[in-house]
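I'd like to walk you through one protein model, so please have a look at the screen.

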Amino acid sequence: MTASITPERPSATEGQRSRPLIVTEDEALLDDLLRLCAAAGAEPEVAHGALTRRGSWETAPLILVGDDSAARLSDRARRQGVLLIGRDLDDHGIWRRAVALGADNVAFLPDAETWLVDRIADVAEGVGRQALTVGVIGGRGGAGASTLACALAVTAARSGRRTMLIDADPLGGGLDVLLGGEGAQGLRWPAFAESRGRVAGSALEESLPELHALRVLSWDRGDSVVIPPSAMRAVLAAARRRGGVVVVDLPRRVDDAAAEALSQIDLGLLVVPAELRAVAAAHRVASTVGMVLRDLRAVVRGPCGPELGDEEIAELLGLPLAGQLPPEPGLADAFDGGEPPGGSPRGPLGRFCAEFWARALADEGGVTA
């Protein structure tokens, strides 16, 4: 159980790895806090009786103060990022000690263990601006959503941004195949199917295959594996904490795992071929996806005829138009030659993706690599 006293929290620079500070003389509490730090991937500084390093109170990104030490630290300079840790929910005096200490929050163990691990892990990973997360979904089968998802990721990586591509469609055949890396070393979805708690963003990134300067989480060629919503939540949250951009290839059927993925998408692209039947199918997909994802936009895959233009299609779907994706001759030949979708920055697909990122990242105020 936690209760907020002040809403502010200390900021951290992306990529910075900092050590939290533990201050307590309670050996049992210290053991618990060390265990939680280990679960969060953090190596803390520990002060048993007094602060052992000059300036540690002022510079530590997060300070965990045992309730046994609160009184003797009440004269310390006020700062953000101080948590008071207790065990007794019925001890109402802890709130007075928290105010005297200037703590941001009071956390009671064991109830608040999961919350506390998340706070410690944020510090260990140096969480800054989260990744701009873009989901791509086909309005019908064969619409080209997976191709666009790969091209967006390849284009973002080519511009020097940290990029992760996540295949959330278990029936899509595997995005690593589209990128020519089905034999690349690294983990696939089955390795994360049992994830329940927090997944470390750095560990996730380092474990995945690296293809065309981006990291890819795809499916293996084994039996179908069911990804529970908790695993989808943990993996996507870890990917987003790494910053940069995350591209997610989404299934058209919204099950619990897909709904969890949609809840973490900042912007969705619905790929719709310029055909009446495709528009009808896409309308059903948009109606379902729109119940979870607020910002859904249409990408019309051309060529468009005079009777059915891209703006008309977007209007029929009731969606903003993200743009028209013109045909790209020779795409299959390029794939056979080892070039991924969007591999040519001068091709129609590469130009579309570059223009999309320029607009999307400008709207976000820029996304750091």
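Predicted model: local features only at pLDDT ≥ 70, side-chain atom pairs only at ≥ 80, totals over all residues.

First, the overall picture. The protein chain has 13 helices and 14 strands. Its C-alpha trace spans about 75 × 40 × 35 Å along the principal axes. Of its 369 residues, 51% count as buried. If you take the contacts with a separation of 6 or more, 72% of them come from residues 24 or more positions apart.

Back to Ser 195, then. For a sense of distance, Ser 195 and Gly 337 are 142 residues apart in sequence and 37 Å apart in space, C-alpha to C-alpha.

Now to helix 8 (229–241), which will come up a few times. Arg 240 is found in this helix. Arg 240 is buried, because its relative accessible area is 13%. Which residues does Arg 240 contact, leaving aside its neighbours within four places in sequence? They are Gln 130, Ala 131, Thr 133, Val 246, Gln 264 and Asp 266.

Next, the nonpolar interior. In soluble globular proteins, nonpolar side chains tend to be buried together. Here the largest nonpolar core has 46 residues, and those with the most contacts inside it are Ile 166, Trp 189, Leu 204, Leu 270 and Leu 317. Elements giving two or more residues to this core include strand 8 (163–167), strand 11 (245–249), strand 12 (267–273) and helix 10 (276–289). Helix 8 gives the most to this core, with seven residues. Looking at Ile 166, and again setting aside neighbours within four places in sequence, its contacts include Trp 189, Leu 217, Val 235, Leu 236 and Ala 239. There is also a second, separate core of 35 residues, and Ala 143, Leu 175, Leu 267 and Phe 356 are among them.

Then there is the largest pocket, with about 540 Å³ of space. It is lined by 30 residues, and Asp 169, Pro 170, Leu 171, Pro 251 and Arg 252 lie nearest its centre. The lining divides into 16 nonpolar, seven polar and seven charged residues. Helix 5 (145–158), helix 8 and helix 9 (256–263) each supply at least two residues of that lining. Helix 9 gives the most, with three.

Last, the cysteines. How many disulfides does a search of the whole structure find? The search finds zero. Cys 353 is in no disulfide, and the nearest cysteine sulfur, that of Cys 150, is 10 Å away. Cys 353 counts as buried because its relative accessibility is 0%. Cys 37 is also at 0% relative accessibility, so Cys 37 counts as buried too.

That's my tour, and I'm happy to take questions.

Definitions and conventions:
Residues numbered from 1 in each chain as written. Heavy atoms only, no water. Disulfide = S-S within 2.5 Å. Buried < 20%, exposed > 50% of the residue type's maximum accessible area, 1.4 Å probe, protein only. 1 Å grid on protein atoms, 1.4 Å probe; cavity = no way out; pocket = protein on both sides within 12 Å on 5 of 7 lines; lining within 4 Å. Points joined across faces, edges and corners; volume = space filled by probe spheres on them. Helix = DSSP H or I, 4+ residues; strand = E, 2+ residues; numbered from the N terminus. Nonpolar A, V, L, I, M, F, W, Y, C, P; charged D, E, K, R; others polar. Core = buried A, V, L, I, M, F, W, Y, C linked by side-chain atoms within 4.5 Å. Contact = heavy atoms within 4.5 Å.
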